[in-house]
Each structure stands twice: as structure tokens, then as C-alpha cells.
Amino acid sequence: FSLNAPISAILGWLVLGEVLSHWTLIGMAIVFTGVTLAILYGKRPSQLHQWEHVRGPLWVGIAFGLAAALSQAAGSLIARPVMAAGMDPVVASTLRIGVAAAALSLVMATGAPFARQRAQWTWTLLGLTAASGIIGMALGVTLLLFALSGGKVGIVSILSATTPALLLPLLWIRTGERPAAGAWIGAALVVTGSVLILTR
């Protein structure tokens with residue numbers, strides 16, 4: 001998710017001709033370094049979820065991660081001129097979510113093993129999933145599109161990629177375990193880089 005930011009900046013420069021100042025590029029590099037540290041040190045071994053353990057060839061996971069980052073960057077690149085032309089962020093977000101839901105429904109209809117439901121629905125699970133969709137997709141994506149209506153793809157992408165650093169205090173509250181020192185250093189770098197981006 002975080003790697004889409006530098007890819008977006010490069011594509012924004014190559015395709016849209018977006019030129020970033022030296023201070024902005026330095027700020028983006030600092031933010032990316034901070035995000036990387038927050039990811040690497042954000043959780044202690046005891047806090048790792050079972051999905052975060054490596055199973056199978058590592059290169060396959062890396063390849064899919066890079067493909068996901070490139071896809072996300074391409075999506076931002078496509079959205080930027082549309083939003084700059086005056087498209088309503090709520091309408092654009094609705095269209096994006098609708099198309100994604102239709103595509104995922106088609107994948108599920110194929111009966112592919114990776115697309116099958118693995119857990120029974122409960123009201124708690126349904127409520128958490130709906131809350132995640134409302135906060136992350138409906139609100140988050142709409143605000144991202146609003147930012148793209150006036151901001152450069154690279155800057156918007158790098159600021160939206162600060163999520164791992166922003167999660168640190170929430171993780172501390174949720175688990176009661178303080179994240180490692182390296183994660184806090186990463187968070188400090190994220191704040192420093194963001195200030196450079198927003199003030200230069």
C-alpha cells in the first residue's frame with residue numbers, strides 16, 4: 001500500500017508532467033522512510049496476526065504486492081485528470097466502489113478457491129465489515145478523490161500512505177503494548193516529511 005506513493009509520483013511526472021520541488025522530493029523520501037520503519041517495527045512479534053507470517057515463496061508475495069501498488073498508482077493517475085475536471089468526489093467514489101463490487105462479485109461467481117467464503121457471517125462480523133467499508137471506502141476514498149481534485153498525484157499518494165505511522169497510537173490503545181522504538185522514530189520522520197511537503 002505504501003509503495004504506491006513513489007510509483008504514483010514517478011507516473012505523475014512521466015504521464016501528467018507533474019514537477020515536484022527538491023524540498024517536496026526530500027519530504028516524500030523522508031515520509032517513505034518513516035512509513036517503512038513504522039511497518040517494520042510497528043508490531044512486536046507477539047502482536048503479529050497469523051496472516052502476517054510468511055508461507056510459501058516470498059517472491060510470490062512480493063510480486064503480488066508490487067502489482068497491487070502499481071494498480072493503485074495507476075488508479076490514482078487515471079482519477080487525477082477526472083477530478084481536476086470538476087467531477088464530484090462522492091459520485092466518483094460511488095462509481096469506483098460500484099465497479100469494484102461488480103468485479104469482485106464476478107470473481108466470486110467463478111467459484112475459484114481463493115474467492116470462497118471461509119467463515120460464517122455473524123452480526124458482529126457484518127457490523128465490523130460495514131463499519132470498515134463506510135470509514136475506509138466511502139469516507140476515505142471520497143476524501144482521497146477530493147484531494148486529487150487539487151493536489152498532485154505524488155503528494156496526495158505519499159500523504160495517504162502515512163497510515164502505518166498513524167496506526168501506532170491506535171495499536172497501542174487496542175493491544176495495550178507499546179510499539180517498538182523504531183516505529184516511533186518512523187512516525188517522527190513521517191511528521192517531519194509531511195511538514196516539508198506541506199510547507200514547501
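## The model and its confidence

The model is predicted, so local features need pLDDT of at least 70 and side-chain atom pairs count only at pLDDT 80 or more, while totals for chains, interfaces and linings use all residues. Residues are numbered from 1 along each chain as its sequence is written, and side-chain values use heavy atoms, with hydrogens and water left out.

The mean pLDDT of the chain is 85, and 94% of its residues reach 70 or more; pLDDT is the predictor's confidence in each residue, from 0 to 100. Confidence is highest in α4, with a mean of 91, and lowest in α7, with a mean of 82. These labels follow DSSP runs numbered from the N terminus, in which helices (H or I) have at least four residues and strands (E) at least two.

## The nonpolar cores

A nonpolar core is a set of buried Ala, Val, Leu, Ile, Met, Phe, Trp, Tyr and Cys residues joined through side-chain atoms within 4.5 Å, where buried means under 20% relative accessible area, exposed over 50%, and partly exposed in between (1.4 Å probe, protein chains only). The largest such core has 16 residues, and those with the most contacts inside it are Leu20, Met28, Val31, Ile158, Ala165 and Ile197. Two or more residues each come from α1 (4-15), α2 (22-41), α6 (153-160), α7 (163-175) and α8 (181-199). A second, separate core has eight residues, including Met83, Ala92, Leu145 and Val153.

Leaving aside neighbours within four places in sequence, Ala165 is in contact (heavy atoms within 4.5 Å) with Ala38, Ala187 and Val190. In soluble globular proteins, nonpolar side chains tend to be buried together.

## Buried residues and their contacts

Ser93 lies in helix α4 (residues 89-109) and is buried, because its relative accessible area is 3%. Beyond its neighbours within four places in sequence, Ser93 is in contact with Met137, Ala138, Val141, Thr142 and Leu145. Thr162, in the loop between α6 and α7, is also buried, with a relative accessible area of 8%, and, with neighbours up to four places away again left aside, Thr162 is in contact with Val31, Val35, Val190 and Ser194.

Leu11 is found in helix α1, and, not counting residues up to four places away in sequence, Leu11 touches Leu16, Leu70, Ala73, Ala74 and Leu77. The C-alpha atoms of Leu11 and Val153 are separated by 8.5 Å, although these residues are 142 residues apart along the chain.

## One salt bridge

A search of the whole structure finds one salt bridge, which is defined as a side-chain nitrogen of Lys or Arg within 4 Å of a carboxyl oxygen of Asp or Glu. The side chains of Arg80 and Glu18 form this bridge, at 3.4 Å from N to O. The pair links distant parts of the chain, as Arg80 is in helix α3 (residues 58-84) and Glu18 is in the loop between α1 and α2, 62 residues apart. Arg80 counts as buried because its relative accessibility is 15%, and Glu18 counts as buried at 10%.

## Exposed residues

Val15, in helix α1, counts as exposed because its relative accessibility is 53%. Leu143, in helix α5 (residues 123-148), counts as exposed at 52% relative accessibility, and its C-alpha atom is separated by 22 Å from that of Ala187, 44 residues apart along the chain.
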